[in-house]
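Dear colleague,

Please find below the structure that I am handing over to you.

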Amino acid sequence: MTLISKDLLGLKELSAEEINEILHTAEMMKLVLSSGNKKTSHLQGKSVITLFYENSTRTRLSFELASKYMGSASANISASGSSVNKGESLLDTARTIDMMATDVLIMRHSQSGAPHFIAPYLKASVVNAGDGMNEHPTQALLDMYTLKEKFGKLEGLKVAICGDIYHSRVARSNAIGLSKLGAEVFLYGPSTMIPMGIDKMGCKVASSLAEAVEGADAVMGLRVQLERQKKSLFPSIAEYAKFYSISPEILSLAKKDAVVLHPGPCNHGVELSTMVYDSPQSLINEQVTNGVAVRMAVLYMLMIRRNLQ
Amino acid sequence: MKIQIKNARIMGCGEPSDFFIEDGLISKPFTSKPDIIYDVSGAALLPGLIDAHCHLRDPGFEYKEDIISGTRSAAKGGFTSVCCMPNTNPVCDNASVVSGILAKSKARGYANVFPIGAASKGLKGEELAEIGLMKEAGIVAVSDDGKPIALASQMRKVMEYSHDFNLPVLNHCEDPSLGDGAMNEGEISTQMGLGGIPTLSENIMISRDLLIAEYLNLPVHICHVSNKVGIQLIREAKARGIKVTTETCPHYFVLNETSCLGFDTNAKMNPPLRKEEDRLAVIEGLRDGTIDIIVTDHAPHHVDDKNIEFSLAANGIVGFETAFSLGYTYLVRTGIMDLDQLIRCMSALPSKILSLGRGTLKIGAPADISCFDLETPYTFDKNSMMSKSRNTPYDGYTLYGKCKLTITGGKTTYEELC
């Protein structure tokens with residue numbers, strides 16, 4: 001099957017079948033990644049541009065490597081150092097990139113809905129690499145891939161997502177994606193960081209960290225987004241760490257073979273203790289590798305969709 | 001100058017008859033030859049609509065709208081009088097800006113323009129504006145609309161001082177400490193990852209203003225009420241004898257927050273579109289009279305201010321050219337209210353609240369009238385608008401109640417009779 005839309009804007013927009021197909025394709029891509037010759041020709045003669053209005057290490061690099069491993073011409077633009085600093089609008093910037101025969105535009109932006117806004121104006125496929133507090137679809141896809149690789153399926157898994165849910169596009173995309181594939185998602189964080197109505201997105205809001213983690217197959221910590229704290233939603237880092245951190249004791253409430261995920265970058269000792277980060281249960285480093293495979297799969301599927309047109 | 005309007009159904013009922021205007025006033029039937037004859041073919045002839053809350057953007061934001069384009073748009077929607085909010089540049093917080101607006105509208109406008117003066121200098125909510133001098137220049141009310149009067153002490157002063165000049169105070173109710181989001185707070189804002197504006201932010205300030213009004217025994221007018229609890233607060237306050245009046249806009253009884261899905265900036269306004277239960281409560285508030293009047297909050301914005309990222313986009317939509325049709329289509333045709341009640345909400349009562357002395361078809365009154373075809377459905381086309389701006393969510397809507405003729409003070413300001 002192919003993707004229905006030319007763009008990947010979010011997991012809200014994808015069906016369970018499409019998500020499964022991406023995860024399935026990523027298995028093949030992971031084989032490519034682990035082979036000696038990390039080169040395919042799926043994107044040969046194509047161009048992939050990353051446009052990042054916000055900082056990034058792993059998302060941006062994994063998209064860039066994914067496109068290069070698959071043979072595309074690729075380039076990066078960031079807000080600083082581009083005409084964005086001269087006041088060029090998002091739409092003009094996106095159209096300019098589009099007019100250079102770009103096939104895929106991968107964008108990260110601080111405003112929710114920014115990729116949805118530009119996508120209809122562009123011939124290029126738009127991939128959302130994180131928009132404001134809305135979605136980060138490829139992160140959730142790689143999280144789901146990591147869990148599927150470990151457990152063989154997602155259906156019936158209990159996944160606890162803990163921390164700053166309010167600001168987290170990762171939490172939103174995971175809540176949507178995991179529940180579409182039949183996993184049970186529990187959210188927990190300080191009440192000031194639980195957005196109203198999140199329980200209507202197919203997940204449950206736990207009333208304690210213990211309740212969220214107890215019997216879980218996977219525990220995901222979320223970064224406390226210090227740069228997004230316009231107003232203080234908790235009194236201090238020390239207090240947050242004491243009451244909301246995933247410690248070895250908390251993790252021991254989960255199933256014996258439970259795994260730990262974190263989208264990174266991690267504030268060690270704040271949302272996750274270093275012991276947990278480094279524990280054998282942690283798949284945090286594996287997530288990074290899977291991120292490349294999943295992004296290769298996304299680019300591959302978008303290209304098939306484009307070639308059909 | 002004599003005008004005879006033939007085949008008009010006066011107030012929308014009865015058999016078609018003729019209506020007479022002489023020298024700018026509604027007149028008794030005359031037998032002498034009129035200068036102009038209009039045949040409106042059975043259209044409803046109503047008192048000219050009065051909008052107690054709009055933004056003409058002039059002076060300062062003429063790229064969005066100006067007094068001429070704004071009043072032409074108003075006339076096309078059947079409005080004969082509009083009250084414009086003071087958030088212009090410079091702010092309408094002194095007599096000279098008031099005089100400028102009045103001079104331009106009298107010379108070149110297509111509707112009676114009644115300026116609303118700022119309650120505070122520069123809309124900053126700190127010091128009283130020159131309310132008395134602005135009253136002499138012609139304001140009909142005071143408001144810091146667009147911004148709330150954040151400090152309770154300032155709101156008290158504004159109400160006390162404005163009362164000395166018999167000016168109503170219109171407050172945009174929003175506690176700024178609770179309301180810095182981009183749409184209604186709830187599951188949709190959470191789903192879309194947008195900051196929310198809770199109904200709590202609106203209702204805390206409504207409650208505060210009701211308490212101040214009760215304490216001082218002075219009137220207050222609550223702008224654009226949008227939600228169920230806010231309406232209930234006002235309903236209870238009226239029952240308690242508090243001198244409160246309130247308004248809502250067509251978008252609060254036609255649309256709900258789901259219009260924001262897909263990040264459509266033409267669904268972005270403040271107060272934001274609320275939940276369906278709030279929309280139904282607005283309809284009930286209009287039906288039982290808790291909500292006194294319907295205003296447009298006509299808020300023209302250039303495409304450059306709207307066709308951008310949702311959270312950064314300007315708030316508001318244009319409203320003159322759809323307000324009556326939306327009221328007629330969604331309130332009268334659905335049987336929620338009769339035509340008389342809609343006309344009261346859009347003409348007689350706004351006139352009463354702002355003491356404009358209009359909104360009537362009595363002989364001798366200023367000849368402000370508009371005629372609407374109530375029978376023929378039409379498709380609303382945003383490109384047909386007289387406004388400079390195109391920020392409307394109603395493009396393509398099938399509506400009833402198209403304006404065919406507007407006469408303001410005996411002067412034809414809009415006509416589309418074939």
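A:Phe52 has A:Arg108 as its bridge partner in S3(A). The model in which this pairing is seen is a predicted one. The two strands concerned are strand S1 (residues 47–52) of chain A and strand S3 (residues 104–109) of chain A, which are joined by 5 bridges and run in the parallel sense.

Both strands belong to an open sheet of 4 strands in chain A, whose order is S2-S1-S3-S4 and whose pairing is parallel. Its edges are formed by strand S2 (73–78) and S4 of chain A, each of which pairs on one side only. On average, and with direction ignored, neighbouring strands of this sheet are turned by 15° against each other.

Turning to the domains, the assignment divides chain A into domain 1 (16–135 + 288–308) and domain 2 (137–287). The distance between the C-alpha centres of domain 1 of chain A and domain 2 of chain A is 25 Å. To their contact, domain 1 of chain A gives 22 residues and domain 2 of chain A gives 20 residues.

Which elements give two or more residues to the side of domain 1 of chain A that touches domain 2 of chain A? They are helix H1 (16–34), strand S4 (125–131) and helix H11 (284–308) of chain A. The largest share of that side, 7 residues, is supplied by H11(A). Sorted by class, the side of domain 1 of chain A that touches domain 2 of chain A holds 10 nonpolar, 8 polar and 4 charged residues.

With kind regards

Conventions:
Residues are numbered from 1 along each chain as its sequence is written. Chains are lettered from A and ligands numbered from 1 in the order in which they are written. This is a predicted model: local features need pLDDT of at least 70, side-chain atom pairs count only at pLDDT 80 or more; totals for chains, interfaces and linings use all residues. Domain bounds come from an automatic or database domain assignment. Two residues are in contact if their C-beta atoms, placed from the backbone, lie within 7 Å. Ala, Val, Leu, Ile, Met, Phe, Trp, Tyr, Cys and Pro count as nonpolar, Asp, Glu, Lys and Arg as charged, and the others, Gly among them, as polar. Two strands pair if DSSP finds at least two bridges between them. Axes are lines fitted to C-alpha atoms, for helices over the stretch in contact, and angles run from 0 to 180 degrees between N-to-C directions.
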